[in-house]
Amino acid sequence: MAASPASLAVDVRGLNKSFGDKHVVNDVSIQVGTGRVTGFLGPNGSGKTTTLRMLCGLLTADSGEGMVLGRDFRTQAREIKLRTGYMTQRFSLYEDLTIAENLQFMARVHGLDDRERRVDASLDRLGLQNRRDQLAGKLSGGWKQRLALAAAILHEPRLLLLDEPTAGVDPKARREFWDEIHGLAADGLTVLVSTHYMDEAERCHDIAYIAYGRLIARGTADAVIADSRLVTLRAEGPGADRLASRLAGQPGVEMAAPFGLALHVSGTDRRALDAVVAPYRKPPLSWTEVEPTLEDVFIHLMSRQEDVW
Amino acid sequence: MSPLNWTRVFAVMAKEFVQLSRDRLTYAMILALPIVQILLFGYAINSDPRHLPMAVYVQDHSAFSRSILTSLQNSSYFDITREARSPAELDRLMARGEVLFTLTIPPDFSRRVVRGDRPQILIEGDASDPLATGGAVSALAALPQRALAADLVGPLSPRAAVQPFEVVVHPRYNPESITAYNIVPGLLGVVLTMTLVMMTALGMTRELERGTMESLLATPVQPLEVMIGKLAPYVGIGLIQTTVILVLAKLLFDVPFQGGWGALAAGVLLFIIGSLALGFLISTVARSQLQAMQMSVFYLLPSILLSGFMFPFRGMPDWAQAIGSAIPVTHFLRVVRGALLKGLDLAESWPSLLALAAFVAVVTTLAMARYRTTLD
Ligand SMILES: Nc1ncnc2c1ncn2[C@@H]1O[C@H](COP(=O)(O)OP(=O)(O)O)[C@@H](O)[C@H]1O
Ligand SMILES: [Mg+2]
């Protein structure tokens, strides 16, 4: 990563966390460039939430060191909390308070001045003004998510941690949410957002991929794809999709999956891959080499990780 | 740790107020609980049962004895249902619960009345249920004056001027014999304990269960600020309940208020704060609302049983008294009973108040030590 330490909002190395004898986060290092939107990816249970909680002082790391917003994340959690907004995976505002009351509460605990104006501005910005007196618990998923975001940025933090903010939200609301995130980043906010939607990963400046508690890839989407040295061949033509089962498990084939009517075959060993598909390089099938998608790369990374496990 | 920030304390307090005002359970707990309890217990206080079965052992078959029996019958508190032929038989009847009272009239009773040496008759009462027998026992006070009034005429009339005989009342099974008024202070303690310990314990674990704790902990709010902000509204609730109970006690049952207002105020306040701190402590241990509920009930039981509310404190075995002394209700009861019934104020009640203050200090310290600012 080219960024110098001064421009890193988050620069933490060697994070570890165990619950009982379960090693949930294993030697994870995470860097987030100031003003960048970094996607934190990984399957369910891989340790994303745990990592985010350690960064904002909600969980104590077993080991690890580094800075969040220029402060030691292990000893200056309070300082960090003052400048960080955290949107939890599960809705965690008060369902028996109204939208406005929830925001007022947040404004007060953060000791903000000019509270009425800030709450009003925040309601306007998120289009919640005409629902301000609705109980938070009565809101639909998309509105809850907007409210949670509004509450997380009310005190104008410099770092925003979002934990799967769009889970269970419809595509239109997701799109709007991401536009909002990019708007905030354009204003200078640093964002670390966990997700497992691939299309969202592609909207991030940088990506960090975690599986089984280990960080296994990071960088820009292009760099992650290039670093994987994955080769993907695409077959088109009648019956292409039905070849998947025959090719899967052959030497050199790490992944063979139908994509609609076409077939993607991936592996890191180009020669082995060519050898395996050679018998099928004849009409009616036509073969081309394509750029692997992020999804291809993650499935590949995952399967390698499983082997190591 | 930075100094207490009152804006944050107020933030938590305001939020708690609004949440409480939207929770119907709150209203039930604040008003219905004390009212229902005092009516239930008050009914018992008022019920003043009559026609209680009595066995008699009369060793002096005279007109005087007959007059006493008639007088007892006429009071309507006693029904003479058995006549025994020995003290042992009396004991048996009482032990089996066939009678609640026994009367023994000694052999030379009438002779000694006439001589004017004020003989004694013995009435034993089964006081294991003092509420049931209290009214009857107090009715006995008038017996010596009235029973023989018709008999002591003519030359014997000087005998009627002073009490012609003495009634020795001997409560069995419950020597301290709680009077009905004792119930109200105990009730106050129990209602406050039930409401305050339970509501705070549940209130905090609810934040954990619903996940709102995560948001709360991600803010810069500090443990003591959370504690003060969360508990303050409940102090108000406790004071409302205290007022309701005391006013009802006065209006409906005419419980005496002898004074001791300073001790009463200090006792109520310390007890409320102690109960709240305990609820808070429970919430730092319990992982769910169900656990919090169980722990509160677990605490409530000795508060009712070992505090002197249900059973007289001095009548309990040493180990039970030791446990009882560690429970704040015990000391609270002493303060409130002392104030209401005997007019004892700060000067007399300070040992109990000190015990309450110590409880507050210990529990608050423990709660603060256990309160986690992380989710670990
Ligand atoms: N408080 C906890 N106690 C025990 N295990 C936990 C706790 N929190 C998370 N875990 C476990 O740690 C693993 C990682 O969880 P999490 O960080 O929530 O993953 P993710 O957010 O990537 O889905 C999971 O197996 C989860 O069950
Ligand atoms: Mg998660």
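Which elements of chain A each supply at least two residues of the shell around ligand 1? They are β2 (22-33) and α1 (48-55), and the legends below start with them. This is a predicted model, in which local features need pLDDT of at least 70 and side-chain atom pairs count only at pLDDT 80 or more, while totals for chains, interfaces and linings use all residues. Residues are numbered from 1 along each chain as its sequence is written, chains are lettered from A and ligands numbered from 1 in the order in which they are written, and side-chain values use heavy atoms, with hydrogens and water left out.

**View 1. The shell around ligand 1 is made of residues of chain A.** A residue is near the ligand if one of its heavy atoms lies within 4 Å of it. Start with Phe19(A), Lys22(A), Val24(A), Pro43(A) and Asn44(A), then look for Gly45(A), Ser46(A), Gly47(A), Lys48(A), Thr49(A) and Thr50(A). Helix α1(A) gives the largest share, three residues. Helices (H or I, at least four residues) and strands (E, at least two) are DSSP runs, numbered from the N terminus. Sorted by class, the shell holds three nonpolar, six polar and two charged residues. Here Ala, Val, Leu, Ile, Met, Phe, Trp, Tyr, Cys and Pro count as nonpolar, Asp, Glu, Lys and Arg as charged, and the others, Gly among them, as polar.

**View 2. Oxygen atoms of ligand 1 meet polar atoms of Gly45(A), Gly47(A) and Thr50(A).** For Gly45(A), a polar backbone atom is 2.7 Å from a ligand oxygen. A polar backbone atom of Gly47(A) is 3.0 Å from an oxygen of the ligand. On its own, ligand 1 has 560 Å² of accessible area, and the protein covers 65% of it. Such areas come from the Shrake-Rupley method with a 1.4 Å probe; for residues, only the protein chains shown count as cover.

**View 3. Leu15(A) is one of the residues with the most contacts inside the largest nonpolar core.** A nonpolar core is a set of buried Ala, Val, Leu, Ile, Met, Phe, Trp, Tyr and Cys residues joined through side-chain atoms within 4.5 Å. Buried means under 20% relative accessible area, exposed over 50%, and partly exposed in between (1.4 Å probe, protein chains only). This core has 134 residues, and Leu55(A), Val68(A), Leu103(A), Leu147(A), Leu160(A) and Leu162(A) join Leu15(A) among those with the most contacts. Helix α9 (residues 183-210) of chain B gives the most to this core, with 14 residues. Apart from it lies another core, of 25 residues, including Met54(B) and Phe165(B). In soluble globular proteins, nonpolar side chains tend to be buried together. Not counting residues up to four places away in sequence, Leu15(A) touches several residues, including Val25(A), Met54(A), Leu55(A) and Phe73(A). Contact means heavy atoms within 4.5 Å.

**View 4. Glu214(B) makes a polar contact with Arg53(A).** Glu214(B) is found in helix α10 (residues 212-218) of chain B. It counts as buried because its relative accessibility is 8%. The two side chains make their polar contact at 2.9 Å. A polar contact is a pair of N or O atoms within 3.5 Å; within protein, one must be able to donate a hydrogen and the other to accept it, and residues adjacent in sequence count only if both atoms are side-chain atoms. Beyond four places in sequence, Glu214(B) also touches Leu58(A), Tyr86(A), Thr88(A) and Leu375(B).

**View 5. His300(A) sits in helix α11 (residues 294-308) of chain A.** Is His300(A) buried or exposed? It is buried, because its relative accessible area is 3%. Its side chain joins that of Glu254(A) in a polar contact of 2.3 Å. Leaving aside neighbours within four places in sequence, His300(A) is also in contact with Ser228(A), Leu230(A) and Thr268(A).

**View 6. Gln59(B) lies in the loop between β1 (52-58) and α3 (63-74) of chain B.** Gln59(B) is partly exposed, with a relative accessible area of 33%. Its side chain makes a polar contact of 3.4 Å with the side chain of Tyr57(B). Leaving aside neighbours within four places in sequence, Gln59(B) is in contact with Thr104(B), Ile105(B), Pro106(B) and Pro107(B).
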